[in-house]
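Please keep the sequence and the structure in view while reading.

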Amino acid sequence: MAWTEVRRSIPNALTIARFAAIPIFVWLYLDAGDGPAWGAGVFFAAAAVTDQLDGYLARRWHVESRFGKIADPLADRLMIGTAAVLMLATGRMPVFAALVILGRDVILVLGYRLLAPGGYDLEVTFLGKLATWVLYAAIGFVLVTEEGTGWPLVILWIGIALSLGAGVQYALGAWQSVRGRDSRPEREPS
């Protein structure tokens with residue numbers, strides 16, 4: 001296989017690895033018990049690094065793909081959502097924080113399907129990336145600190161605020177896309 005073909009598959013392979021990492025993360029988290037979950041935290045941090053690496057490589061090597069544009073943010077949302085559910089179930093994350101994280105993602109997915117059934121190219125914005133980075137960092141810090149440690153929760157709330165802002169940004173983009181598509185005159189068949 002030529003280097004060009006190998007290069008084309010590396011970013012998507014990293015994204016797929018993040019999907020595969022979710023069950024291992026769950027096992028490491030549950031295995032840690034009530035204390036800091038260092039194994040899960042390190043694994044979670046590695047997932048965050050691959051999130052940055054796959055996008056960087058795809059852009060640098062000019063091998064962006066439709067699969068990557070859809071699967072990369074989905075892998076992030078599933079990893080972060082899984083962590084939120086686990087930490088909510090074990091009392092390490094406030095209920096409202098977990099509900100906002102999970103609710104925003106559900107609303108985005110449902111809104112995406114309802115507002116743009118014919119297709120809407122969801123471009124990840126800087127605010128969306130920043131929110132994901134901050135959420136990854138905050139959840140990682142919550143994972144490796146003693147339960148109830150305050151400073152990671154402050155970072156978590158900052159990440160949630162950024163995430164909500166990005167959600168509004170995505171919703172407005174989808175709405176404008178749908179309105180623009182609906183206002184175009186229909187073309188006569190040639």
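## Helix α1

In the predicted model, the buried residues of α1 are P11, N12, L14, T15, R18, A21, I22, F25, L28 and Y29; buried means under 20% relative accessible area (1.4 Å probe, protein chains only). These residues pack against α2 (38-60), α3 (66-89) and α5 (126-144). An α-helix has 3.6 residues a turn, so residues three or four places apart point the same way.

Just after α1, G33 has a positive phi of about 75°.

## Helices α3 and α5

D76, R77, M79, I80, A83 and M87 of α3 meet T132, L135, Y136, I139, V142 and L143 of α5, where contact means heavy atoms within 4.5 Å.

## The whole chain

The protein chain has 6 helices and 0 strands; helices (H or I, at least four residues) and strands (E, at least two) are DSSP runs, numbered from the N terminus. Of its 190 residues, 38% are buried.

## Basis of the values

Residues are numbered from 1 along each chain as its sequence is written, and side-chain values use heavy atoms, leaving out hydrogens and water. Local features need pLDDT of at least 70, side-chain atom pairs count only at pLDDT 80 or more, and totals for chains, interfaces and linings use all residues.

Definitions and conventions
Buried < 20%, exposed > 50% of the residue type's maximum accessible area, 1.4 Å probe, protein only.
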